[in-house]
Amino acid sequence: MARAVSTQHKTIATAAAWIVALLIFFPILYTIITSFKSEQEAIQGFNLFPSGTTESYTAVEAQSGYFKFFLNSVFLSVGSTILALLVAIPAAWSMAFSPGKWTKDILMWMLSTKMMPAVAVLFPIYLIFRDTGLLDSRIGLMVMLMLINLPIVVWMLYTYFREIPGEILEAARMDGASLWNEIVYVLTPMAVPGIASTMLLNIILAWNEAFWTIRLTTTEAAPLTAFISSFSSPQGLFWAKLSAASTLAIAPILIMGWFSQKQLVRGLTFGAVK
Amino acid sequence: MATQQTRSLARFMMAPSVVLLFVWMIVPLAFTLWFSFQQYNPLNPIRDGFVGFSNYALFYSNPAFLQSILNTLILVGSVLLITVIGGILLALLIDQPMWGQGIVRILVISPFFVMPPVAALVWKNMIMHPQYGVFADIARFFGGQPIDWFGQYPMLAIIIIVAWQWLPFATLILLTSLQSLDGEQKEAAEMDGAGFISRFIYLTLPHMSRAITVVLLIQTIFLLSVYAEILVTTNGGPGYASTNLPFLVYQKALLEFKIGQASAGGIIAVILANIVAFFAMRAVGRNLDK
């Protein structure tokens with residue numbers, strides 16, 4: 001009897017969850033479907049079965065040079081992440097392994113910088129960028145994205161490094177390992193998973209950042225966020241093209257995101273929920 | 001264990017992060033504060049100079065400023081309400097035993113990874129468009145009149161879009177917390193005859209309270225600065241109907257070049273964020289002590 005109830009329960013839960021999940025996913029699904037329609041099909045009412053044409057994809061590249069924006073997105077998100085890691089790893093490392101009196105305060109202060117609204121510094125940053133010729137430059141934007149995400153990177157690394165047991169280090173030292181050997185052979189292998197998770201989440205955040213990437217670029221350094229925003233004042237029929245451009249813009253990050261659910265929880269809650 | 005030498009090494013390793021963040025935060029913020037007491041217009045510099053608090057006074061006298069603060073609060077409040085309640089319900093649902101749980105999770109979390117301009121444009125054109133959108137198709141199917149979402153209910157439309165983006169985040173965090181609930185405790189409560197409702201109120205909800213706090217705080221930080229969604233859908237309109245504080249600051253600074261007013265708006269945004277930050281820090285800080 002208990003078994004039958006549980007199967008029934010499971011069936012209802014499954015049906016309900018799938019319906020809700022598909023409703024939530026629907027806008028993404030419909031975008032992917034529409035990207036395989038022609039512009040004429042795209043405006044002829046609700047239709048889940050596209051003709052399968054890829055003309056929108058070729059049009060997006062031919063008319064707007066999609067690939068350049070894509071490359072900028074890759075360069076900016078990966079570049080800013082690597083830069084942030086280079087700055088953050090030593091900091092997180094020292095905070096986790098030789099915490100001082102001020103470590104906690106410094107961490108909290110870093111977190112507080114993340115809470116400063118971007119608009120509060122919009123004009124000064126804009127001026128600084130304009131006067132130093134960094135406006136619409138990849139390097140300038142890369143540094144900007146690095147600074148925005150630096151607190152999250154330090155925090156995430158810190159929560160990972162803190163879990164590396166200190167006894168292992170002592171054991172290595174007892175066995176006569178030098179500091180250099182300790183870092184290369186003991187610490188690094190244990191830190192790599194944490195660094196990789198941090199990197200993944202940070203690339204996602206940088207890829208989707210949609211304030212500075214739009215405001216500090218015009219054409220040369222513009223990533224996909226800026227490119228897609230240019231569709232807000234369209235000319236003529238563009239539903240299928242918008243869908244194709246959107247699908248291409250979100251696909252890589254969507255797939256990365258699916259693999260990073262756990263890291264996402266940890267990174268975005270600053271370790272408060274694991 | 002830590003010697004004087006490792007201490008100074010630690011300080012040296014921390015320096016780049018601290019210095020960079022400090023410079024990035026303090027220098028521009030000081031500029032903004034300075035500008036907020038100035039009349040400064042790069043296009044019309046004749047009347048430039050110190051004006052005291054008059055830029056701030058505009059927030060009381062100018063309806064656009066008041067409306068933008070109101071819109072900011074409405075947007076943050078509604079999205080928080082929708083995502084937290086929706087997130088709890090969804091997390092409870094997904095936590096049930098079912099077939100294909102992994103795929104359900106992936107489908108539900110997906111909107112969070114969609115970049116804001118894409119999310120907003122997809123909703124604007126494919127879903128809410130009064131002529132070609134799916135909502136219009138549904139309305140016509142039932143013989144109704146399609147709604148012009150962004151013309152008639154711009155704030156509601158933006159709230160729906162932003163809630164769609166953040167519901168997955170809330171769900172994921174709350175689900176993670178739910179799954180860390182001790183199974184034995186749940187069973188014990190069940191054995192004692194506690195029904196679903198009382199188990200939820202006395203066991204599940206207290207267990208999730210910390211996760212709920214974290215969701216509220218982190219979402220507030222991000223929701224206070226919603227920008228791209230408004231830029232690509234309503235552009236703040238009609239009139240100022242869907243202009244929030246960040247959007248108004250952007251308009252004043254980069255479109256109208258009224259830097260003084262924009263800076264005052266920026267400082268008010270900082271004050272708003274600081275009120276939130278104060279509570280956020282306490283919640284996260286408690287976690288550090290354990």
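**Conventions.** I am working with a predicted model, in which local features need pLDDT of at least 70 and side-chain atom pairs count only at pLDDT 80 or more, while totals for chains, interfaces and linings use all residues. Residues are numbered from 1 along each chain as its sequence is written, and chains are lettered from A and ligands numbered from 1 in the order in which they are written.

**Chain B overall.** I counted 13 helices and 2 strands in chain B; helices (H or I, at least four residues) and strands (E, at least two) are DSSP runs, numbered from the N terminus. Chain B is more spread out than a compact globule, because its radius of gyration is 24 Å, well over the 19 Å that the globule rule gives for 290 residues. That radius is taken over C-alpha atoms, and the rule is 2.2 Å times the number of residues to the power 0.38. I noted a C-alpha trace spanning about 80 × 80 × 30 Å along the principal axes of chain B. Of the 290 residues in chain B, 43% are buried, meaning that 20 or more other C-beta atoms, placed from the backbone, lie within 10 Å of the residue's own.

**Helix H10 of chain B.** I looked up H10(B), which covers residues 196-223 and has 28 residues. Its end C-alpha atoms are only 33 Å apart, short of the 40 Å that a straight helix would reach; the expected span is 1.5 Å times one less than the number of residues. I found a kink of about 45 degrees centred on Ser209(B), the bend being the angle between axes fitted to the seven residues ending there and the seven starting there. Buried residues in H10(B) include Thr204(B), Met208(B), Ala211(B), Val215(B) and Leu223(B).

**Chain A against chain B.** I recorded 81 residues of chain A in contact with 84 residues of chain B, where contact puts C-beta atoms, placed from the backbone, within 7 Å. Helix H1 (residues 2-35) of chain A gives the largest share of chain A's side, 16 residues. That side divides into 61 nonpolar, 18 polar and 2 charged residues. Ala, Val, Leu, Ile, Met, Phe, Trp, Tyr, Cys and Pro count as nonpolar, Asp, Glu, Lys and Arg as charged, and the others, Gly among them, as polar.

**Domains of chain A.** The domain assignment, which is automatic or from a database, gives domain 1 (2-55) and domain 2 (65-268) of chain A. Their centres, taken over C-alpha atoms, are 32 Å apart. Domain 1 gives 9 residues to the contact and domain 2 gives 7 residues.

Methods: Buried ≥ 20, exposed ≤ 12 C-beta atoms within 10 Å, placed from the backbone. Contact = placed C-beta atoms within 7 Å.
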